[in-house]
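I opened the model to look up its disulfide, its nonpolar cores and one of its pockets. My notes follow.

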Amino acid sequence: LTATVMSNGGAATGTVTFTEGGLSVGAATLSGQGIATLVVSTLAPGNHSLVANYAGDGRANASVSVPLSLAVKQTSSLGLTSATNPTLTLSPVTLTATLHNSGAAAATGLITFTEGSTQLGTAPLDPSGRATLTLPSLSAGTHTIVASYAGDGSDFGSASAPLSQAIQLRSSTVGVSGTQTDASNPQQVTLIAAVHTDGSAPPTGSVTFSSGTLQIGTAPVNPNGVATLTILIEANSGKEDVTASYSGDAVFAGSTSPSTLIQAGPATQFMLTVNPPTLSIATRQHTTLQLQLSSIKGFSDTIQLGCLGLPFAATCTFTAPQSKLAADGTTTLSLTVDTANPLGQGAQTSALLNRDLRHPLATLLCFLPAALLLGFGLRRRRNLPRLLVLLCAATLILGAAGCSGLQGSSTPPGTYNFKITASGLGSGATQSQMVTLTVTP
């Protein structure tokens, strides 16, 4: 504190006493310039009204200063801790902020807890300088939380160092089973995946059912944690090794079941047999399978045939897309599987022509002029000039097209699985068989 005594009788001498409410805070001697300075560290936190009192000397009268308002505050520091770190989703998170000051007076006020620009909540300081906030839960991930104090009449404000609070997904387990759901078609099986968790909220998301590397299908998880998918199991094997993979959600981690053998009952209406069930052919080549439809217990219907899940550019062609199956009868058909698409069949392929005489269609086209000449020109010599003009035009067109075999998209090398299906048009009875196709370069 500095007091300056001004006198028209020359430099004032003596002492200046500093008081608060009539009580002395301390005294200091005037310098030759009439200045008295007091260093004091005993003022309590809070607002003070201080007065400087000069008693006078033989040349200067006594005087009193106007009151000086002085605010004294403690510096503070703030620490932030979590009761559990890391913790799990759906679990409460308890944060505790501890304020430290000089201890001359207890701090009062609120502590504010924030994550970035989002306020998580506030809590009052207790007499020990602690403030506790319990959050019901936080989302999975890492949260950076800061506690801040605005200060009060006795304390300066402060902020804590950032706290990294880790929230981990709760674990889950999933099991898979199967049950027959249609007495008239024992090969129809409903796959049931049950997702088990330890949280108070039900799981959401989806379950993907697979057999080996083949994905069978995906189904949503209901509020009871169950996902179902109805499939057909091939009559040849009558069983399927199935795994269920839970996708997880914002609360629960994903999980995969052990491979489980799901068995179907025997066919009751008709059987579909494929021979062989495993193929290995080069790309741009084809091979033929034998299919057999066999009636059971007098069943008869018109059977529609098809292929599901063919790889890119592959085609399958039946000797007849539909076949009449007589009661207690047997029908044999052929299926040609081609690992190229030379005629551009399919929405994403196109026919391309190149100069290659090995394709039968190309050979036919290239020898068409000779056939026309032999078939017509020699028998009707009077039309020979006209025929030669047509032959020249045909030759030019075929040459421009590349008198050749048709060559389009082809199936990349690899191993694929696809299904051959057979469905009764009248009865709705369905059978299917899995075929493994290995395509070599």
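**Disulfide**

I checked burial at the two cysteines: Cys307 and Cys316 are both buried (under 20% relative accessible area; exposed is over 50%, partly exposed in between; 1.4 Å probe, protein chains only). The model is predicted, so I note its limits: local features need pLDDT of at least 70, side-chain atom pairs count only at pLDDT 80 or more, and totals for chains, interfaces and linings use all residues. Residues are numbered from 1 along each chain as its sequence is written, and side-chain values use heavy atoms, with hydrogens and water left out.

The sulfur atoms of Cys307 and Cys316 sit 2.3 Å apart and form a disulfide (a pair of cysteine sulfur atoms within 2.5 Å). I read 130° about the S-S bond, a right-handed link. The structure has one disulfide.

**Overall counts**

I counted three helices and 35 strands (DSSP runs numbered from the N terminus: H or I of at least four residues for helices, E of at least two for strands). Of the 441 residues, 38% are buried. I then took contacts (heavy atoms within 4.5 Å) between residues at least 6 apart in sequence; 62% of them join residues at least 24 apart.

**Nonpolar cores**

Which members of the largest nonpolar core touch the most others? I found Phe270, Leu293, Ile303, Phe318, Leu335 and Ile420, out of 25 residues. A core here is a set of buried Ala, Val, Leu, Ile, Met, Phe, Trp, Tyr and Cys residues joined through side-chain atoms within 4.5 Å. Strands that each supply at least two residues of this core include strand 25 (270-275), strand 28 (301-308) and strand 34 (414-424).

Beyond its neighbours within four places in sequence, Ile303 contacts Phe270, Leu293 and Pro321, among others. A second, separate core has 21 residues, including Val189 and Ala244.

**Second largest pocket**

I looked up its volume: about 360 Å³. On a 1 Å grid over the protein atoms alone, a pocket is an open set of points where a 1.4 Å probe fits, with protein on both sides within 12 Å along at least five of seven lines; lining residues have an atom within 4 Å of a point. Points are joined across faces, edges and corners, and the volume is the space filled by probe spheres set on them.

The second largest pocket has 23 lining residues, with Ala3, Thr4, Ala52, Val64 and Ser65 nearest its centre. Strand 5 gives the largest share of this lining, five residues.
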